[in-house]
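Take a look at the model below.

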Amino acid sequence: MRELVRDTLTLPGSELVIESPAEAFELFRRFYPHSWQGGAAGPADFSLVADSDIWHIRHGTETTGPLTGALQAAFALEYEVENRLVARCGDRIAFHAGGVEVGGRAHIIAGDADTGKTTSTLLLVELGHSFLCEEVALVDPESLAVEPHLRTLGLDASHLDAIAKDRPIERGTVDRLDDRLARYLPHKARLEPARLETIFLPLLRPGSGSHVAELDPAEVLPEILGYCFAPNVDQELFFERVIRLLESCRIVRIQFDGLATARELWQQLVPAGGAA
Amino acid sequence: MRYVRSSAATLKTVGSGVAVYVAGRQAIHVLNSTAHLLFEYLAEPASLDELVLALETATRGGSKKIRSDLEAVLGELLDHGIIEPCES
């Protein structure tokens, strides 16, 4: 008989009751270290169920699975929860982005996979800035407030090893999930929304040197729309909101060719007092 | 053939540039300066010859180059539903 654990996960705009056997729950809990209430009332929004080593996720009348093992179940649950977060973001714009807070201002790092987005967030945290969000950045188009979404940073274990080899990791904890996958848990996090100041667009191009450029909204509108999750509002209204948002903040492309240049550029662009 | 701005297309300013939202397709396209100029001219129907003449006057460019550039831009605007052919 597996021990069942229940707790409430607080996400921007919603609270979700999660129920799971302890072995998967403890893995999943580590993905959102700042976001648990320590108890749950009412029915579960998401339940993990296990039969031997085969797992399923139940949410409402839907079932996801089969999933092999507690770790895969925890990842699949994370995916479902992130989808729920985006689906319930209301009027806010959901960017595929990480972010940090510096001096009360938010700097988000938007981009596709493998552009150096998560690495950049990690490096900025290691520079002493407060972690604000990972994977999903929810921005209010009126107030420009960026909601904290404190999910741990997911990286390949070998990549995290390379970062630690370049310079020891001091402002976060490395959580190795298995041989290939790891998470980085920042020690310092922003728990309140912060006003958006900059959208950084990282571009990792080994062998191509480093480059920084300030961009006009017209230059990057199609690209940035590609980093937005599908909106919950009328498409034209959504475009207008994204345009106004882009006109209200700085947009900066940062190209680097490796860890050392990335670290150097981030130090110049986002010093301790705020963005340069 | 004559062309005219699509009634589904709405011009929007974006920073120092402009974009057009096409309602039926729920898409938005950033326009370069030539496309923007064409969009403005095509508030009223015009033929390729008329557009070439108008742009030649506006830019004082060589008509041969303007014609081929315009044909390419018109093709893109048609593909995106920003302008459409018309009879008048």
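**Overall build**

Chain A has a radius of gyration of 19 Å, which agrees with the value near 19 Å for a compact globule of 276 residues. That radius is taken over C-alpha atoms, and the globule rule is 2.2 Å times the number of residues to the power 0.38. This is a predicted model: local features need pLDDT of at least 70, side-chain atom pairs count only at pLDDT 80 or more, and totals for chains, interfaces and linings use all residues. Residues are numbered from 1 along each chain as its sequence is written, while chains are lettered from A and ligands numbered from 1 in the order in which they are written.

Along its principal axes, the C-alpha trace of chain A spans about 60 × 45 × 30 Å. Chain A holds seven helices and 16 strands. These are DSSP runs, numbered from the N terminus: helices are H or I with at least four residues, strands are E with at least two. Of the 276 residues of chain A, 40% count as buried. Buried means that 20 or more other C-beta atoms lie within 10 Å of the residue's own; exposed means 12 or fewer, and partly exposed is in between, with C-beta atoms placed from the backbone. Now take contacts in chain A between residues at least 6 apart in sequence: 69% join residues at least 24 apart. Two residues are in contact if their C-beta atoms, placed from the backbone, lie within 7 Å.

Where does chain A divide? Domain 1 covers 4–87 and domain 2 covers 93–269. These bounds come from an automatic or database domain assignment. The centres of the two domains, taken over C-alpha atoms, are 25 Å apart. Twelve residues of domain 1 of chain A contact 17 residues of domain 2 of chain A. On the domain 1 side, α1 (22–31) and α2 (69–87) of chain A each give two or more residues. α2(A) gives the most, with four residues. That side divides into eight nonpolar, two polar and two charged residues. Here Ala, Val, Leu, Ile, Met, Phe, Trp, Tyr, Cys and Pro count as nonpolar, Asp, Glu, Lys and Arg as charged, and the others, Gly among them, as polar.

Next comes the core. The largest nonpolar core has 97 residues. Such a core is a set of buried Ala, Val, Leu, Ile, Met, Phe, Trp, Tyr and Cys residues joined through C-beta atoms within 7 Å. This core draws at least three residues from each domain of chain A. Among the residues with the most contacts inside it are Ala24(A), Phe95(A) and Ile108(A). Leaving aside residues up to four places away in sequence, Ile108(A) touches Phe95(A), Ala137(A) and Val146(A), among others.

β3 (46–51) and β4 (54–59) of chain A pair antiparallel over five bridges. Pairing requires at least two DSSP bridges between the strands. Ala50(A) has Trp55(A) as its bridge partner. Two residues lie between these strands, and Ser52(A) takes a positive phi near 60°. β4(A) also runs antiparallel to β5 (62–68) of chain A, again joined by five bridges. There, Ile57(A) is bridged to Thr64(A). This hairpin too has two residues between its strands, and Gly60(A) in the turn has a positive phi of about 60°.

Finally, chain B. Eleven of its residues contact twelve residues of chain A. β2 (9–14), β3 (17–22) and β4 (27–31) of chain B each supply at least two residues to that side. β3(B) gives the most, with three.
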